[in-house]
Amino acid sequence: MANHMQFGFQDASSPIMEELVEFHDHALMTALAICSLVLYLLTMMLTEKLSSSTVDAQEIELVWTILPAIVLIMLALPSLQILYMMDEINEPDLTLKAIGHQWYWSYEYTDFKDLTFDSYMTPTADLPLGHFRLLEVDHRVVVPMESLVRVIVTADDVLHSWAVPSLGVKTDAIPGRLNQTSFTATRPGVFYGQCSEICGANHSFMPIVVESAPLANFENWSSLLSS
């Protein structure tokens, strides 16, 4: 999870988030190269005398026309690849339905018969030692690690947004509409998120906690909860 004075992303815990972090670094390096080139040209213009031979040079005009197009292609190709990966969902191992309410989340495991629960933020007075204030919930979402999980997101009242940064997931919850996203947790752990759409007075008190566990542990948890 994030901490104070953190300037970068949270540690990636899904293939999609790893791709997003790599693309972010790639775009920043491209922007750094452009800024360095512009700074160098500005410095040369301020310190060197202008000559008529460089003002009308067709070679320079050709370069500053083609170079931006090459830069845009370098940014567009990996961006389109990531967008396609985020939108493609093939044969998920588990389907989870997340329903946003004011101000809590309801979850339904559609592959199981009676596995549904509500997830409320744990009040500060009831928070166990070592848990995170305003981020812990009374019922966590448990998913098997290294399994493709499809999340169907909707809302019961107003706009919400189901977002877990470590997993690279952020999907709007809209009343009367079903949106879907997917993720694959590559390691066991507990990942925290929050509602990312202003949804009323208690918008800040709708945390999301996803716990990734080995398949055997997930099966034990699901059997206990559904029994």
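Predicted model: local features only at pLDDT ≥ 70, side-chain atom pairs only at ≥ 80, totals over all residues.

**Stop 1: a pocket.** Select Met 85, Met 86, Asp 87, Thr 181 and Ser 182. Of the 20 residues that line the second largest pocket, these lie nearest its centre. The pocket has a volume of about 360 Å³. Now colour helix H1 (15–47), helix H3 (58–87), strand E7 (169–173) and strand E8 (179–184), the elements that each give two or more residues to the lining. Which element gives the most? That's E8, with five residues. Colour the lining by class and you get 10 nonpolar, seven polar and three charged residues. Both domain 1 (13–85) and domain 2 (92–224) supply at least three residues to the lining.

**Stop 2: an annotated region.** Next, select residues 91–224. An unreviewed UniProt entry annotates this stretch as "domain: Cytochrome oxidase subunit II copper A binding". The chain here is 7% helix and 45% strand, with its end C-alpha atoms 26 Å apart.

**Stop 3: a sheet.** Look for an open sheet of five strands, in the order E4-E10-E9-E6-E7, with mixed pairing. At its edges are strand E4 (141–144) and E7, each pairing on one side only. From one strand to the next, the twist averages 20 degrees.

Finally, zoom in on E9 (residues 189–195) and E10 (residues 207–213), which pair in the antiparallel sense over six bridges. Click on Gln 194: opposite stands Pro 207 in E10.

Technical notes: Residues numbered from 1 in each chain as written. Heavy atoms only, no water. 1 Å grid on protein atoms, 1.4 Å probe; cavity = no way out; pocket = protein on both sides within 12 Å on 5 of 7 lines; lining within 4 Å. Points joined across faces, edges and corners; volume = space filled by probe spheres on them. Helix = DSSP H or I, 4+ residues; strand = E, 2+ residues; numbered from the N terminus. Nonpolar A, V, L, I, M, F, W, Y, C, P; charged D, E, K, R; others polar. Domains from an automatic or database assignment. UniProt positions renumbered as here; feature names shortened; annotations may be inferred. Pairing = 2+ DSSP bridges. Axes fitted to C-alpha atoms, helices over the stretch in contact; angles between N-to-C directions.
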